[in-house]
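Welcome! Take a look at the sequence and the model, then read on.

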Amino acid sequence: MAFHIDKYEKQHKANLLRRAQMLGSAYNTAINDLIRLGMLMNVDKNKDFFFSLRKGTEKQVKQVQKRLSDRILSILDNGEKEAFILSKTKSVDMVNEYLPKVREKVLKGINNRTSSALRAFQSERDKNMNLSGAVWDLTEELKEQMELSLQLGLHEGTSAKELAT
């Protein structure tokens, strides 16, 4: 079997596309959940809309945000692991193709480096980027955008079904 880098590039692009679709699906689910919550509220269409106007709704909104945040972090974490596994597979295949005589020694080094590289990457990411905080900020922004969208929809008399699409 001949080694071809294109195989791995295509797989990586397919993996990224799948992750992007998963993120889009997570956002769409959260948006629909927030619209349903908003439509359950009995609010004056001539006033500003906030989820906090109805007792108990803010807690439900936080639950939607938490589910979205957890889902985003899971998708990103699994994507990182998947990319490292693909990278390791590519390296192993290259070694098998081009360095068969020193295969065992080289593969042992690749295994050790790949595993420690993933842990080091995730550790640095967590320390420097505060990824969970950044994702939570995104969910808060989504909530605010949904409040504005619901307020505009209510002012215009848009139905819940129309808002959800």
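Predicted model: local features only at pLDDT ≥ 70, side-chain atom pairs only at ≥ 80, totals over all residues.

The chain is built with 5 helices and 0 strands.

**The chain as a whole**
- Of the chain's 165 residues, 28% count as buried.
- The accessible surface is about 11000 Å², and carbon and sulfur atoms account for 56% of that surface.
- Among contacts in the chain with a separation of 6 or more, 76% are between residues 24 or more positions apart.

**Helix α1**
- Helix α1 covers residues 5–40.
- With 36 residues at 1.5 Å a residue, α1 should span 52 Å, and the 53 Å between its end C-alpha atoms agrees with that.
- The buried residues of α1 are Y8, N15, R19, A26, A30, D33, L34, I35, L37 and G38.

**R19, a buried arginine**
- R19 sits in helix α1.
- Its relative accessible area is 13%, and because buried means under 20%, R19 counts as buried.
- Leaving out residues up to four places away in sequence, R19 touches I75, N78, G79 and E82.

**The largest nonpolar core**
- This core has 17 residues, and those touching the most other members are L34, L37, F49, F51, L68, L142 and M146.
- Two or more core residues come from each of α1 (5–40), α2 (57–98) and α4 (131–156).
- L37, one of those core residues, is in contact with F51, T57, Q60, V61 and V64 once neighbours within four places in sequence are set aside.
- In soluble globular proteins, nonpolar side chains tend to be buried together.

**The aromatic pair**
- Searching the whole structure turns up 1 aromatic pair.
- The pair is F49 with F51: their ring centres are 5.3 Å apart and their planes are at 80°, so the arrangement is edge-to-face.

Terms used: Residues numbered from 1 in each chain as written. Heavy atoms only, no water. Core = buried A, V, L, I, M, F, W, Y, C linked by side-chain atoms within 4.5 Å. Buried < 20%, exposed > 50% of the residue type's maximum accessible area, 1.4 Å probe, protein only. Helix = DSSP H or I, 4+ residues; strand = E, 2+ residues; numbered from the N terminus. Contact = heavy atoms within 4.5 Å. Areas by Shrake-Rupley, 256 points an atom, 1.4 Å probe, with all protein chains shown as cover. Phe/Tyr/Trp six-rings, centres within 6.5 Å; stacked < 30°, edge-to-face > 60°. Expected span 1.5 Å × (residues − 1).
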